[in-house]
Amino acid sequence: MKPNAQSSQPTTFKLTILHTNDIHGRVPQLERVATLVREIRGEVESNGGFCLYVDAGDAEDTILLESSLTKGSAMNAILRGAGCEYAALGNAIPVRYGPQAVADLALHFGRPLLCANFFDANDELVKGLEPFAIHDFGGFKLGIIGVTDPNKAYNTFFNMHVVPADDLLPNLVAQVRALGAQTVLLLSHLGLRDDKRVVENIGGIDLLIGGHSHDLLDPPLQINETILAQAGDYGRFLGRLDLTIDPASGKVTHFEHALLPIEETIDPDPAAHAAVESERVRVQAIMSREVGMLSAPFELSDEKECAVGNLLADALLERVKGAQMAFVLAGHWETALEKGLLRQGTLFAANRSTANPAWLKLTGSQIKQFLREALKAENAARTPHGLRGRAVGMPHIAGAIIRRNGSSSGEVEIEYQGRVIRDDESFLVASTDMEFADFIGYLVIPFEEIEFEVPTIMPEVLEDYIRRHSPLSIPPTRLK
């Protein structure tokens, strides 16, 4: 029986919320999740209840080539194909590609993503987002508010800003209540620590489905009058929250929760699999585009100077107008490039770096500081979290020659236009945000002091350069 405003309204409302978060490109798991969603939805509805599947953000990830080539939108199409009705905006896409990519995520999801606190330079909500939705279950209304994690990179790189969720939520809760929402669900990509703070300080939130921190909450937390749930990551579990709600007050009078393991024995859902195949056709068209010809194999090495490293350095030097030299680390690369015709799919698979071109004035002393640290074998072999398993790799330079003075001293000379540069000289140097990041740690420069080209990323820089210079030969060595 569907609840309504008449005297025959039932005394309880049964709602099952299915939830995922931080799937990060694990398509086979999502196809299996969809199978359980379909089965549970059928079970719940056959017993007179209602079912809703929501996701708390970061379905996308560069680990998946299809996601990289579409700046995440392929995953959003698959998520909707898996039966997801509402999704929060995560941070995986806007922090890499900027707010321009958000509208495309929403387009392929089929509806705006939920996020109330991500604004552009004009203080307007970023395109592709809506702050909340009111889901009407035939008379019973659920208000669903979305929020995402603040990140200083949004303002530094993209002139966008994320307002603290705490500042907006009291008014948003009141707004959805005024529009008839009996129960309020917060779909949050803030992370567990901030989720706890929110529900400790802000009333009126009945349910919180969280993400970002990859926590597995079993059982859910109960803080004040809020039920707080999160289902881990990578599609390993589907969260199931069975609610009994008093429709008069909107309060949850009883709930049961389970984290359902998504095992390989579960068959893929046909509708989700069809969405996957549709996206593969779209991506195949992108992958097949010709970029240029390579006259020889371009090797990759993390332990010595290599051709792909020098190729990226050359591309950055040409990209940045007025740059006198460029340096870059090999860790931007995943694989080498084979001789012959190079297609876009091969290039984007070999280099999935979402770093942006960067440039600034550096002294000779600063350049040498970077290179001294970068040339240490133990540093090149590091695999920091920021590179997600890739080694940092050796440095590569364009526009100059690196000369090492002795095998173990660590001292270097930089030869520029036939002469050794002085420590007090300044040069306009092209690189990327990665080389100056604190997780690399060789020469940490505040991003506010660096110029960036956004939302351009490294595979796009390479594609433009190779198209202009095809057929491309192996760059000369620069490390002596």
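The legends below describe close-up views of a predicted model.

**View 1. The largest pocket and its lining.**
The largest pocket holds about 1600 Å³ of space. Its lining is made up of 44 residues. Those nearest the centre of the pocket are Arg96, Thr354, Gly386, Arg388 and Phe439. By residue type, the lining divides into 16 nonpolar, 14 polar and 14 charged residues. Two helices, H4 (94-97) and H6 (152-158), each supply at least two residues of this lining. Which of the elements gives the largest share? That share comes from H6, with four residues.

**View 2. Helices H3 and H9 where they cross.**
Two packed helices are described by the angle between their axes and the distance between the axes. Helix H3 covers residues 73-81, and helix H9 covers residues 270-287. Their axes come within 8 Å and cross at roughly 160°. Angles over 145 degrees count as roughly antiparallel, so H3 and H9 are roughly antiparallel to each other. The crossing in which H3 passes H9 is right-handed.

**View 3. Helix H3 and the residue that follows.**
Is H3 mostly covered or mostly exposed? H3 is mostly covered, with seven of its nine residues buried. The buried residues are Ser73, Ala74, Met75, Asn76, Ala77, Ile78 and Leu79. A residue counts as buried when its relative accessible area is under 20%. After H3 comes Gly83, which has a positive phi near 100°.

The peptide bond that runs from Asp218 to Pro219 is cis. Its omega is near 5°. Pro219 sits in the loop that lies between strand E11 (207-210) and strand E12 (221-223).

Between Ser470 and Pro471 the peptide bond is cis, and omega is near 0°. Where is Pro471 placed? Pro471 is in the segment after helix H14 (458-469).

**View 4. Asp123, with a positive phi.**
Asp123 is not a glycine, yet its phi is positive, at about 60°. The residue is placed in the loop between strand E5 (118-119) and strand E6 (129-130). Asp123 has a relative accessibility of 53%. Because exposed means over 50%, Asp123 counts as exposed.

**View 5. Asn224, with a positive phi.**
Asn224, a residue other than glycine, has a positive phi near 55°. The loop in which Asn224 is found lies between E12 and strand E13 (226-229). Is Asn224 buried or exposed? Asn224 is exposed, because its relative accessible area is 60% and the cut-off for exposed is over 50%.

Thr363 lies in strand E19, which spans residues 357-363. The relative accessibility of Thr363 is 23%. This value is between the limits of under 20% for buried and over 50% for exposed, so Thr363 counts as partly exposed. Along the chain, Thr363 and Val176 are 187 residues apart. Their C-alpha atoms are separated by 55 Å.

Note on methods. Residues numbered from 1 in each chain as written. Predicted model: local features only at pLDDT ≥ 70, side-chain atom pairs only at ≥ 80, totals over all residues. Heavy atoms only, no water. 1 Å grid on protein atoms, 1.4 Å probe; cavity = no way out; pocket = protein on both sides within 12 Å on 5 of 7 lines; lining within 4 Å. Points joined across faces, edges and corners; volume = space filled by probe spheres on them. Nonpolar A, V, L, I, M, F, W, Y, C, P; charged D, E, K, R; others polar. Buried < 20%, exposed > 50% of the residue type's maximum accessible area, 1.4 Å probe, protein only. Axes fitted to C-alpha atoms, helices over the stretch in contact; angles between N-to-C directions. Parallel < 35°, antiparallel > 145°, perpendicular 65-115°, else oblique. Left-handed = near helix turned anticlockwise from the far one by under 90°.
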